[in-house]
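Biologist: I am new to this structure and would like to learn how to read it. Could we go through it one feature at a time?

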Amino acid sequence: MEENKSNNLLIILVLGLAALIGCMNVTLFNVALPAMMIYFDTDVAMIQWLVSGYTLAAGIITPAVGFLGDKFGYKRVICFISFMVLVLSIVGIFAWCIEVLIVVRVLFGLTAGMLTPLSLAMMYQCVPRHSQEQAAGIWGAACIVGGATPSVLAGFAVMYASWHMMLLLMLPFAALLLVGSIKFLPEKATTDSLAMDFTGFALTSIGSFILLFSFSNLSNWGVSAKLLVFICLGLFIMGAYAKRSWNKKDAMLSLYVLRYPRYVAA
């Protein structure tokens, strides 16, 4: 019994670390952007893509999280993401121009952007029901700490070091997550025959991209006809997906469960 409790706690801590890394990446450079703009000798329009590029990439890939976890296994996906965060952090440290760093941030969004939903989904799969409240508390605390930590450390980095420190900070976290995932996360059965809902993925990804792109340009466009057109287009595409998946049990993001909640329990 004590061994099971210990194993459950280790699983919760590893998944909490995954959530922390995912949330850290969202705000990683926010405070350091003015200093980075001077370092790379660029303008606001270019430097903001360090934030927007990550957000847009994460918004595109998030709808596929469930499929990737079921198809390849949540543990394998988290291990792969941990390795990619290590590699991308090293590449980002040696970025010689802003364009390279933007590409790195987009790749961060396509990988680390999945850690928060992945860790939450795996937590409810692996942690016994009687421990899920504790797990949810730790996971939520990790998200809060992960969101606040970069803002605090970025101020220190800008004053006493450089923006490179923010990527250096990711290395021990990613390494710890990789080792912890390999050692403590359980292997779950995968669904090898699961087919990708490409139409659904395209609709949700394009719709999410358009909406996120619209709101990220709110300060540039203002409340204009261009903004409204983009928002309406994004909502139309998301509405088309909702209509398509309403009666489709095997949709990537199934809305069938909203009509028939008992279907989930079955």
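Predicted model: local features only at pLDDT ≥ 70, side-chain atom pairs only at ≥ 80, totals over all residues.

Biologist: How many helices and strands does the chain have?

Modeller: There are 15 helices and 0 strands.

Biologist: What share of the residues counts as buried?

Modeller: The cut-off for buried is under 20% relative accessible area. Of the 266 residues of the chain, 44% count as buried. As for the surface, the chain exposes about 13,700 Å², and carbon and sulfur atoms supply 70% of that area.

Biologist: What share of the contacts joins residues 24 or more positions apart?

Modeller: Taking the contacts with a separation of 6 or more, 76% are between residues 24 or more positions apart.

Biologist: Now a single helix. Which residues of α8 are buried?

Modeller: The general idea comes from helix geometry. An α-helix has 3.6 residues a turn, so residues three or four places apart point the same way. In α8, the buried residues are L115, T116, L118, S119, M122, M123 and C126. They cover an arc of only 160 degrees around the axis, which puts them on the same side of α8.

Biologist: How does the length of α8 compare with the expected span?

Modeller: Helix α8 runs over residues 115-126, 12 residues in all. From first C-alpha to last it reaches 16 Å, close to the 16 Å expected at 1.5 Å a residue.

Biologist: What does the same check give for α11?

Modeller: The 19 residues of α11 should span 27 Å at 1.5 Å a residue, and its end C-alpha atoms are 26 Å apart, which agrees. The helix covers residues 198-216. Its buried residues are G200, T204, S205, G207, S208, I210, L211, F213 and S214.

Biologist: What does S214 touch?

Modeller: S214 has 0% relative accessibility and counts as buried. Not counting residues up to four places away in sequence, S214 touches W221, L227, F230 and I231.

Biologist: Which helices do the buried residues of α5 pack against?

Modeller: Helix α5 spans residues 65-72, and its buried residues are V65, F67, G69 and K71. They pack against α4, α6 and α8. After α5 comes G73, with a positive phi near 100 degrees.

Biologist: Let us turn to α4. Is G59 buried or exposed?

Modeller: G59 belongs to helix α4. With a relative accessible area of 15%, G59 is buried. Leaving aside its neighbours within four places in sequence, G59 is in contact with S208 and L212. As noted above, S208 is one of the buried residues of α11.

Biologist: How far apart are G59 and G113 in sequence and in space?

Modeller: G59 and G113 are separated by 54 residues in sequence, while their C-alpha atoms are 8.0 Å apart. Helix α4, residues 49-61, also holds T55. T55 and G109 are 54 residues apart in sequence and 6.5 Å apart in space, C-alpha to C-alpha. At 31% relative accessibility, T55 counts as partly exposed.

Biologist: What does M170 touch?

Modeller: M170 lies in helix α10, which covers residues 164-184. Its relative accessibility is 0%, and M170 counts as buried. Apart from residues up to four places away in sequence, M170 touches I21, M24, N25, L28, V85 and S89. For L28 the sequence distance from M170 is 142 residues, and the C-alpha atoms are 9.6 Å apart.

Biologist: Last, the surface. Which residues form a nonpolar patch there?

Modeller: F83, V87 and V91 form one, with about 230 Å² of accessible area together. V87 is in helix α6, residues 74-93. At 33% relative accessibility, V87 counts as partly exposed.

Terms used
Residues numbered from 1 in each chain as written. Heavy atoms only, no water. Helix = DSSP H or I, 4+ residues; strand = E, 2+ residues; numbered from the N terminus. Expected span 1.5 Å × (residues − 1). Buried < 20%, exposed > 50% of the residue type's maximum accessible area, 1.4 Å probe, protein only. Arc of directions from axis to C-beta. Patch = residues over 30% accessible without salt bridge, like charges linked within 9 Å, V, L, I, M, F, W, Y side chains within 5 Å. Areas by Shrake-Rupley, 256 points an atom, 1.4 Å probe, with all protein chains shown as cover. Salt bridge = Lys/Arg side-chain N within 4 Å of Asp/Glu carboxyl O. Contact = heavy atoms within 4.5 Å.
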